[in-house]
Amino acid sequence: DGPGGQGAPPHVHVLPLPDGYRGSFKYGESGIGGKYARAAVKVLKKLGTQKKGVSAFLAESIPGCAGQVVLPPDYLKEVYALVRQAGGVCIADEVQTGFGRVGSHYWAFQTQDVVPDIVTMGKPMGNGHPVAAVVTTPEIAASFDTGMEYFNTFGGNPVSCAIAREVMAVIEAEELQAHARRQGERLDEALRDMQSRHPIMGDVRGLGLFRGVELVLDRATLAPAREQAVYIVERLREKGILLSIDGPLQNVLKIKPPLAISATDIDSYVSSLEDVLQEDFIRVTVPG
């Protein structure tokens, strides 16, 4: 659905993003996770009337490309139950959120109190070195043993495996999960302080060192501040700080620093962002 995309193919059904800031149900509403989960009920009923089954439900444990949206409580628990009841399997994408990044847990799906049937993980596993992995149950793994040969040029190469093992050892030895929690709290506190003074910062969200700031032109209408997001990212790049933009409206600052980031680096980023938010382009284009 993003720029240049052609949308989902007919056999893929996209559920509404469980976004408590911009979605149909808002932060603070009672049972918000269950309300968003009911969209899955509608899709499953539609498939049932068409005499079609469901193969799998796939979701990032914290939708990153969707704008760093933290799923409401019980959302995955309810959707997983519905999908499994319909005969499907549940896949958690932990490429961006795994390996302690969320601080409170090693895997972001644990914050939803669920156990997926399949977990996918990628480049953070090798600290940028090309390696990825799929973790699943013995039963699902055995189902691929059909007699057809599986071949992958890079599958299981020892160099990548050695690097991934060492990365995970360092995460444990240097307690980077706890570090991500502490530095994430420091970053969150600073961002929320800025939010109180800068109307363009409509929503601040995330867990650990996986944070997002949604920029809006008006907090009442939630009109997206897309041009301002691009401006901020470019200005920060000139200051030596690399961020990216995400979200369906391309107006969310995506903050995903290395797990080993220091408090000094956090403070430097916050100071630089504060300076950019004071610049004329931001102050003139966003009333407040």
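Hi everyone. Let's start with the sheet: four strands form an open sheet in the order β1-β2-β3-β4, with mixed pairing. Keep in mind that this is a predicted model. The edges are taken by β1, residues 56–60, and β4, residues 133–136; each has a single partner strand, so one side of each is left without a neighbour in the sheet. From one strand to the next, the twist averages 20°.

Strand β2, residues 89–93, pairs with strand β3, residues 118–121, in the parallel sense, over three bridges. If you'd like a pair to find on screen, I91 has I118 in β3 as its bridge partner. Packed on the sheet is helix α2, residues 75–85, which touches β1 and β2 and makes about 145° with the direction of β2.

Next, a residue I'd like you to click on: Q112, in the loop between β2 and β3. Is Q112 buried or exposed? Its relative accessible area is 5%, and under 20% counts as buried, so Q112 is buried. Setting aside neighbours within four places in sequence, Q112 is in contact with L71, P72, P73, D74, Y75, L76 and K77. Take K77: Q112 is 35 residues from K77 in sequence, yet their C-alpha atoms are 6.7 Å apart in space. The side chain of Q112 also reaches two backbone nitrogens, that of L76 at 2.8 Å and that of Y75 at 3.2 Å.

Last stop, helix α7, residues 263–277. Its buried residues include I266, Y269 and L273, and the buried residues of α7 pack against α5, β5, α6, β8 and α8.

Terms used: Residues are numbered from 1 along each chain as its sequence is written. This is a predicted model: local features need pLDDT of at least 70, side-chain atom pairs count only at pLDDT 80 or more; totals for chains, interfaces and linings use all residues. Side-chain values use heavy atoms; hydrogens and water are left out. Two strands pair if DSSP finds at least two bridges between them. Helices (H or I, at least four residues) and strands (E, at least two) are DSSP runs, numbered from the N terminus. Axes are lines fitted to C-alpha atoms, for helices over the stretch in contact, and angles run from 0 to 180 degrees between N-to-C directions. Contact means heavy atoms within 4.5 Å. Buried means under 20% relative accessible area, exposed over 50%, partly exposed in between (1.4 Å probe, protein chains only). A polar contact is a pair of N or O atoms within 3.5 Å; within protein, one must be able to donate a hydrogen and the other to accept it, and residues adjacent in sequence count only if both atoms are side-chain atoms.
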